[in-house]
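Work through the exercises below with the sequence and the structure at hand. Try each task before reading its solution.

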Amino acid sequence: MNTQVRIERYADQGRCVAHIDGRVVFVRFALPGELVDIRLDEPHDRDDRFWTGEVVEVIEPSADRVDPVWPLAGPLAWGGGVGGADMVHVSIPGQLRWKSSTIGEQMRRLGHVDVEVPVVGVSDDVDRNGLGWRTRIEMIADDEGRPSMRRRESHIRVPLDAMPLATDALNAVADRQRVWEGGFVPGSQIRLAVPEPRNASSDDADIPAAVGDNYALLVDGKLKSGSQTLTETVRLNDGHEFTYTVDAGGFWQVHRQAPIALANEVIDLVRERLDGAESAVLWDLYSGSGLFTLPLAAATAERTQVLSIEGAKTAVKSAQRNLRAAGLDNVDSRAGDVSKTLRNIPKNLALPDVVVLDPPRAGAKRRVCEQIADSGTRSVIYVACDPTSLARDTATLTDLGYDLAHIQGFDIYPNTHHVETVALFTK
């Protein structure tokens, strides 16, 4: 069923809101203010609370609209539908405004805090139209063994011959390894991870040499070429440089510049809160492979003690290896559930000056927030990959006596609805 609607406002998951006969409709590939023809998803004849649909034709476009920069991820009616980039129809400045609005709305609705949230992107993402940023991609082999992505609302696998969202380095490795030529077992899961070669020149011919063996091609979780352990490098604005080894199948920030942008933001906030103190106790919760742990231990106060807690054992092993390689012996790195681990910690680490946490998409939730408050810390730096979870935890932290002192969004997922947010809470 096709119909014409006027788009009213932003919604979640890269969709916008319209109404049909009083019923809410969430529309993909739309923008506020636009007059569009949409196709409603099936079934649309039930008495559901809301319907969903997708743009078929734009009659009155928004000033923020652009032609999809990756057409394969655009609307089905325009030959797209593979997913993975639900804002390819929005200019980069328009995406920043959208994400700012989304975070602010969630903070007001669930966090009970009325705040404007600036969102900044990576400088050359504008020049590249939000392409060329992913250092990790995952695909599935189609029936002919070619890497592919599933087309929405079907079982059709669309074969790929490149990945526009991926970095130049990743695409260069994919070409060198003949990934796009196929030859995989149908249905197998394909993962390619290529850390950004910080020493590569702008000459594309130099990229494969700069990467060397620092990449991983995994098929169904098993290494087919490259290295199981990858090396990542992060350089802070003050010149401190940190080297990390991470498991090829494990988590690392996907945008090639995200680790640098987030680490600088977090460390700057920690230094500000320490205000020149020569000694400090810091907590790093949900610490992963140690992205923040290393600079917290080495680049904040002269004498620092750090407690890091992470649930994924492989990531903890990577973090411990990274700490040893950096010669840092002032970190108590623990594997386990964050809440359970916080019930039994040494007295010398029990009173943190600053707590940093980077929880999964579901957020920290009330019990961990209460444990943070019970520690007596006056400063909490919260790194969030989901505005809804951040807003819920904001309401909890506010109830526990903290004020939101600073919030900043980072568009490290251009052309998608995802956004990272860093918030500072103070007591």
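**Exercise 1. Which residues does UniProt list for "binding site"? Find them in this predicted model, then describe the surroundings of Q253 and D358.**

Solution. 

Step 1. The UniProt entry, which is unreviewed, lists Q253, Y286, E310 and D358 for "binding site". The lining of the largest pocket takes in Q253, Y286, E310 and D358.

Step 2. Q253 is found in the loop between β15 (241–247) and α5 (258–274). D358 is also in a loop, the one between β19 and α9.

Step 3. Decide whether each is buried or exposed. A residue counts as buried under 20% relative accessible area. Q253 has 4% relative accessibility, so Q253 is buried. D358 has a relative accessible area of 17%, so D358 is buried too.

Step 4. List the contacts, leaving out residues up to four places away in sequence. Q253 touches T135, A258, P259, L262, L291, D358, I412, Y413 and E420. D358 is in contact with Q253, L285, Y286, F292, V383 and E420. Q253 and D358 therefore touch each other, since contact means heavy atoms within 4.5 Å.

**Exercise 2. What is the strand order of the open sheet of eight strands, and which strands stand at its edges?**

Solution. 

Step 1. Read the order across the sheet: β7-β21-β22-β20-β19-β16-β17-β18, with mixed pairing.

Step 2. Look at the ends of that order. β7 (119–121) and β18 (331–335) each have a single partner strand, so one side of each is left without a neighbour in the sheet. Neighbouring strands of this sheet are turned by 15 degrees against each other on average, direction ignored.

Step 3. Take one pair in detail. β16 and β17 (residues 303–310) are paired in the parallel sense through seven bridges. Within β17, T304 stands opposite A280.

Step 4. Helix α7 (residues 313–325) lies across β17 and β18 and runs at about 165 degrees to β18.

**Exercise 3. Which residues of helix α9 are buried, and what covers them?**

Solution. 

Step 1. Helix α9 spans residues 365–374, and V368, C369, Q371, I372 and A373 are buried in it.

Step 2. Recall a rule for helices. An α-helix has 3.6 residues a turn, so residues three or four places apart point the same way.

Step 3. Find the cover. Among the elements over the buried residues are β16 (279–285), α8 (338–341), β19 (354–357), β20 (379–384) and α10 (387–399).

Step 4. Examine the packing with α10. The axes of α9 and α10 are 10 Å apart, at an angle of about 35 degrees, and the crossing is right-handed. K365, R366 and C369 of α9 meet D393, T396, L397 and D399 of α10 in this contact.

Step 5. Just after α9, G376 has a positive phi of about 85 degrees.

**Exercise 4. In which sense does β6 pair with β4, and in which with β5?**

Solution. 

Step 1. β4 (residues 23–28) and β6 (residues 50–60) run parallel and are joined by five bridges. The bridge partner of F26 in β6 is T52.

Step 2. β5 (residues 35–40) and β6 run antiparallel, with six bridges between them. Here I38 has V55 of β6 as its bridge partner.

Conventions:
Residues numbered from 1 in each chain as written. Predicted model: local features only at pLDDT ≥ 70, side-chain atom pairs only at ≥ 80, totals over all residues. Heavy atoms only, no water. Buried < 20%, exposed > 50% of the residue type's maximum accessible area, 1.4 Å probe, protein only. Helix = DSSP H or I, 4+ residues; strand = E, 2+ residues; numbered from the N terminus. Pairing = 2+ DSSP bridges. Axes fitted to C-alpha atoms, helices over the stretch in contact; angles between N-to-C directions. UniProt positions renumbered as here; feature names shortened; annotations may be inferred. 1 Å grid on protein atoms, 1.4 Å probe; cavity = no way out; pocket = protein on both sides within 12 Å on 5 of 7 lines; lining within 4 Å. Left-handed = near helix turned anticlockwise from the far one by under 90°.
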